Amino acid sequence: MATTVGRAVLTLPAAPLGPENPLPGLRPLDEQHVVDERSRERLPRDMARQVGYEPLRTHLPVRVLDGYGRERRETDFDAIVIENDRLRATVLPGLGGRVHSLFHKPSERELLYRNPVFQPADFALNGAWFSGGLEWNIGATGHTTLSCAPLHAAIVPAPDGGDMVRLWEWERLRDLPFQVDLWLPADSDFLYVGVRIRNPHERTVPTYWWSNIAVPEDEGTRVLAPADEAWHFGYERSLRRVPVPDSHGDGVDRTYPLRGEHPADYFYEVPREARKWIASLDAGGQGLVQTSTDVLRGRKLFLWGAGRGGRRWQQWLTEPGTPGYAEIQAGLARTQLEHVPLEAGAEFSWLEAYGPLAADPGAVHGADWPAARAEAEARLEEALPRARVEAAYEAWRPYADHEPGESLATGSGWGALEVLRAGVKLPGTPFGEATLGEPQEPWLELLRTGTFPSSSSSGEVAPPGPSLVAPHWRDMLETAPAEPLTEYHLGVAQWHAGDVAQAVRSWERGLQVTRSRWPLLRCLAVADRDAGNAGRAADHYAEAFEDLCRERGEGEAWAAATAALGREAIAALLAAGRTDAARGVWQGLPPALRASGRFRLADAQLLAAEGDKEGARAVFDAGFEVPDLREGAEILGEVWAAVSDEPLPDAYDYRMRPAAAE
């Protein structure tokens, strides 16, 4: 059959994403991939420099997604299917362009781990993420903020004369447009993926990319890459160079993902001159291989391990009875802890290929690691020669600028706003004015009139909309009339830039003239907390929550604001030793919110602080789930240890570190 591109609908049991959190993310969510100073001192100079290069201070201007639950219902997702007589790729443009499935027809094998449900969990830089398939991670260390966001998608001419699918968006953490072109040549066993990241600014920008491939795992699964060493990163936050495959000197070969005990990353030290590839093969020597041109130099294995915490997380991300998975990945740097400079006006581009690999199982699973690697690489060279990948990249480059044809999906309007502001020309990735929507309206008015509107276009009282924080927007806010909402957004932009004193002054000015005090009070509370003033932070949080309760209207935005501010206020009041006030906030929440897992845990914390260990233990015994439990979070174990001497029950064990590291 000829290669075809078509629309489809994928139906999955899915938990709704829920509303955005209206509180601006003045601090990043707890990112586990942070290197301790002792480890950094031992790194090669170039790696240490990139590890320390422009880490995120905030996740602004993107909002947190934490309004999802655990109740799933059958849900339709728009899909794009790219198919020839060898492969069928199913892409979800509304969920970050995730390749949900890559099915090899001759062997009747699914090459990816295909999650049978859509269950958001708190793994992305801005919260909601889901497991499975092939994802495109851009922005900063961690899962992209676009994990659960729509991308633009359209059909574009492919280098072989057929059609390819272009996905594109404006990545907002670093203000960079990017594109992902997917095509399937006729009779090809490999899906080709051309990627381009462009820097339209007059300054160098830190850049990050990792293609993340979820692959099925069982006892016989082995991951192979062209390396004899790797950088091991564990959730105790240390990074060290180790040999492959016996990476810990204990005789355990952790190229088999299920032989490790705890979740861990292994970033392979691939020689510069070596072909760049990584493969996951089963006991029969069959599986998936990924290869690329050399710009995408890094390769990684993430394993959940066989311990209780890793197994529990895998169950959390899907449904009982679903096979486990590991992740093989490819990135711009040697490790995911690094950001790479992209100079003004420059771009990064490369080509990836994904397809089946069949190798001699005796060689692949033999004790001789160099022989196992050589066997996999030889079979890859037979199936897809390195020279062919290089030629495919050169053939694709002229097509990267082709303007899209038939639209398949629409992303956000933020790129259109930036193009309007800067007047940049981005051939191949149009950000048309038709994509502008309600979130962009006040910023469009600021751009055109120099004034930020004092309320929404509908006139309804609502929590403030999203803030923009890039230098050009901050400059416009500084010269706009000093209305309360303008001062609020200006303070957020100043905070993001690291100008804490000016941010506080802006929020305090706004507080003097506004009737809606709680958004500004909450920002001041975060500033107090960061400055180490727990008492004043608690005061501001208590006043903010009281003001929100007076102003609160109907609708999901108000419900989201109540949940988010209540949660922060309780934590701040407990940290300041004000248990009675924290209990008052908890009691001020709507009954349905108090019954949710997030606030059942808060109740247990409050009971423990009140000296009622039996009551806190009863909350655990009754059972609860915290839908947005953060990756690597240990709060469940900490609260349990405060109220019980017994081992942590399996249902609450999400620990990702060895006990000695706790």
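This report describes how helices 7 to 10 of a predicted model pack together.

Local features rest on pLDDT of at least 70 and side-chain atom pairs on pLDDT 80 or more, while totals for chains, interfaces and linings use all residues. Residues are numbered from 1 along each chain as its sequence is written, and side-chain values use heavy atoms, without hydrogens and water.

Helices are DSSP runs (H or I, at least four residues), numbered from the N terminus. Axes are lines fitted to C-alpha atoms over the stretch in contact, with angles from 0 to 180 degrees between N-to-C directions.

| Helix pair | Axis distance | Angle |
|---|---|---|
| Helix 7 (residues 414-422) and helix 8 (residues 441-449) | within 11 Å | roughly 5 degrees |
| Helix 9 (residues 471-479) and helix 10 (residues 484-496) | 9 Å | about 145 degrees |

Helix 7 and helix 8 are therefore roughly parallel, a term for angles under 35 degrees. Their contact (heavy atoms within 4.5 Å) joins Trp 414, Leu 417, Leu 420 and Arg 421 of helix 7 to Trp 443, Leu 444, Leu 447 and Arg 448 of helix 8.

In the second pair, Arg 474, Leu 477 and Glu 478 of helix 9 meet Thr 486, His 489, Leu 490, Ala 493 and Gln 494 of helix 10.

Helix 8 has Trp 443, Leu 444 and Leu 446 buried (under 20% relative accessible area, with a 1.4 Å probe and protein chains only). These buried residues fall within an arc of 160 degrees seen down the axis, so they line one face of helix 8; the arc is taken from the directions from the helix axis to the C-beta atoms. Their cover includes helix 7, helix 9 and helix 10. On the other side of helix 8, Arg 448 and Thr 449 are exposed (over 50%).

Conventions:
Helix = DSSP H or I, 4+ residues; strand = E, 2+ residues; numbered from the N terminus. Parallel < 35°, antiparallel > 145°, perpendicular 65-115°, else oblique.
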